[in-house]
Amino acid sequence: MQLVRAGHLKKYLQVAEISLTNRVVYLADHFASSIFLLLILFIFSQLWRTVLGAGGTLAGLDSTGMLWYMVFTEVIVISTPAYHRLVSDEVKSGDIAYKLNRPYSYTLYYLAAHCGEFAIRFVTNLAIGAVFAYLTMGPLQVAWAQLGWVIISFSLAMVLTFLMNFSLALLAFWFEDNRPFFWIQSKLVFIFGGMFVPVEAYPAGLRIVSYLLPMRYGVSAPARLMVDFDYAFLWQVLLGQFIWATILSLITAAMFQKGVRRVHVNGG
Amino acid sequence: MAVIEVNRLHKVFRTKTKEPGLRGSVQALLRPTYSELTAVKGISFAVEEGELLAFIGPNGAGKSTTIKMLTGILNPTGGTAKVLGLVPWESRLQLAYNIGTVFGQKSQLWYHLPAIDSFRLLGSIYEIDSREYSRRVGEVVELFELEDFIKTPVRKLSLGQRMRCEIAASILHRPKVIFLDEPTIGLDVVAKLKIRELIKRLNEEEKTTIFLTSHDAGDIEQLCKRVIVINHGDIILDAPTSYLRHNYLTTKIVNVKFSAPCPELSLSNVEILKHTDKGVKFRVDTKVKSIEGVLTELFAQVDTEDISVEEPGMEVVIRDIYGRAAEVGEQDAVG
């Protein structure tokens with residue numbers, strides 16, 4: 001991946017801004033799609049109430065904690081833009097021609113666009129999810145003094161989800177249609193990302209596998225920090241996020257270098 | 001000084017082939033077979049600074065593939081090329097600061113946002129400082145007459161307006177060379193004329209070297225001094241446009257709509273293709289008779305409501321070039 005020089009930063013900030021602005025155009029559609037989020041939260045609020053009752057806990061979280069946990073995992077997942085589809089369409093239509101002949105890093109362009117779009121989707125989805133969770137289960141006990149650490153972890157999670165998706169998106173350079181890979185990955189996120197249940201509640205074998213994969217650090221871990229902050233857990237999460245971000249950055253850079261040499265830019 | 005130098009540039013695409021039906025799909029999965037398509041066959045040419053060159057040919061001739069290699073987004077299979085002294089596929093990012101591209105069938109503008117938002121983004125991408133950016137946007141808005149629709153979302157623009165914005169977006173960073181790939185495709189006559197006028201002004205006023213591909217003979221006739229014709233990946237003609245005009249673009253189709261019915265009409269040295277009470281369609285060879293001469297003869301006999309002149313299609317021009325090359329070959333053989 002091309003390193004960002006200080007003078008180059010402005011172009012990526014501008015990409016993030018235009019991506020965010022573009023998303024505002026779709027804001028009405030976006031709120032409509034949030035109905036799905038409300039439906040899922042409603043089902044799980046009923047489920048956790050029934051299963052955990054008044055004093056029960058799962059992985060150290062009571063029914064209120066479990067619903068708030070799910071608000072954050074769901075919001076991360078549904079706020080992640082589907083750039084694998086965009087890259088695939090660009091390769092198929094040949095529109096990638098305009099992306100490749102610009103003086104920027106293709107990967108950083110998409111990372112910036114991802115951050116811009118993710119930011120607005122995250123804020124709106126979180127607002128909807130938080131209102132629902134507050135009205136149905138009560139307030140979340142926020143560790144305000146440690147909120148800065150949690151935000152850092154969420155930011156790293158945003159980068160990590162981008163890298164996980166984008167490395168698969170680049171498979172379009174070889175296969176044009178990358179959807180089957182993304183479908184598998186999304187199911188892995190459901191399970192090993194701990195989307196519905198914290199991975200700490202899994203049986204030992206499954207838990208170890210999820211600890212070794214990046215999905216947990218992109219979804220479950222920051223959500224868990226938000227609802228149940230703990231310094232020992234924080235350092236573990238930040239280290240995991242940093243290691244996986246480095247590994248996936250290297251994979252993405254290598255894939256781009258290799259893929260761009262063989263991509264067919266279709267169309268006249 | 002040559003700004004583009006191409007030497008024996010060659011591109012072969014390897015594509016997977018598949019027999020029809022389900023059986024073919026399964027076979028392709030288990031034992032994939034590939035075919036090779038040579039899109040560009042070792043072409044060589046040079047383009048001088050400030051030149052407005054037409055690079056023409058029918059669909060699938062290799063025009064776009066050549067542009068993609070010259071802009072660094074495709075790696076060639078063989079040969080060399082330099083644009084502004086850089087090998088495009090090795091110095092793609094460095095070259096990008098000094099070249100512009102317009103692909104007529106694709107868009108670089110954000111569809112739901114006004115063009116000015118895309119301009120602002122491109123200003124940052126090309127690292128244009130804010131004072132220079134404001135001055136430059138003012139210049140292109142004036143040059144391309146974008147004032148009335150620069151703040152309108154791109155999705156609401158006509159194709160002609162959008163194409164003006166596309167070209168303007170490509171020259172914001174003052175590129176030394178601009179590659180225009182079919183910039184007039186799909187445009188109506190008025191929009192085409194406007195785009196041609198703008199390309200000419202860009203070349204004359206900003207001294208930008210322009211590499212234009214098109215399969216519209218009108219683009220070439222009205223804009224370029226030199227033309228390279230490519231077909232099946234080979235250069236089949238590299239000559240001044242005047243040579244092409246005098247030798248190959250001489251046949252025109254004229255459509256005339258009468259103001260009042262005219263059953264009888266007599267025109268010399270033209271081939272009448274269709275004649276009704278309401279109008280006439282005929283073919284003229286301008287080497288035999290000028291359009292002006294035909295129209296003078298026509299106006300003496302009938303009042304007209306509308307007249308249009310069609311250029312020969314690129315396929316016709318290429319067939320003609322091949323036809324004459326074959327004739328010369330035969331004469332050489334006889335001689």
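What share of the contacts in chain B with a separation of 6 or more do residues 24 or more positions apart account for? The figure is 70%, a contact being a pair of residues whose C-beta atoms, placed from the backbone, lie within 7 Å. The model is predicted: local features need pLDDT of at least 70 and side-chain atom pairs count only at pLDDT 80 or more, while totals for chains, interfaces and linings use all residues. Residues are numbered from 1 along each chain as its sequence is written, with chains lettered from A and ligands numbered from 1 in the order in which they are written.

**Chain B overall**
- Chain B has eleven helices and 13 strands, taken as DSSP runs (H or I, at least four residues; E, at least two) and numbered from the N terminus.
- Of the 335 residues in chain B, 37% are buried (20 or more other C-beta atoms within 10 Å of the residue's own, with C-beta atoms placed from the backbone).

**Strand β6(B) and its neighbours**
- All five residues of β6 (177-181) of chain B are buried, with B:V177, B:F179 and B:D181 on one side and B:I178 and B:L180 on the other.
- β5 (99-103) of chain B runs parallel to β6(B) and is joined to it by five bridges; B:G100 has B:I178 as its bridge partner.
- β7 (209-214) of chain B also pairs with β6(B) in the parallel sense, over five bridges (pairing requires at least two DSSP bridges), and B:F179 stands opposite B:F211.

**Interface**
- In chain A, 23 residues contact 28 residues of chain B.
- α1(A) gives the most to this side of chain A, with eight residues.

Key
Buried ≥ 20, exposed ≤ 12 C-beta atoms within 10 Å, placed from the backbone. Contact = placed C-beta atoms within 7 Å.
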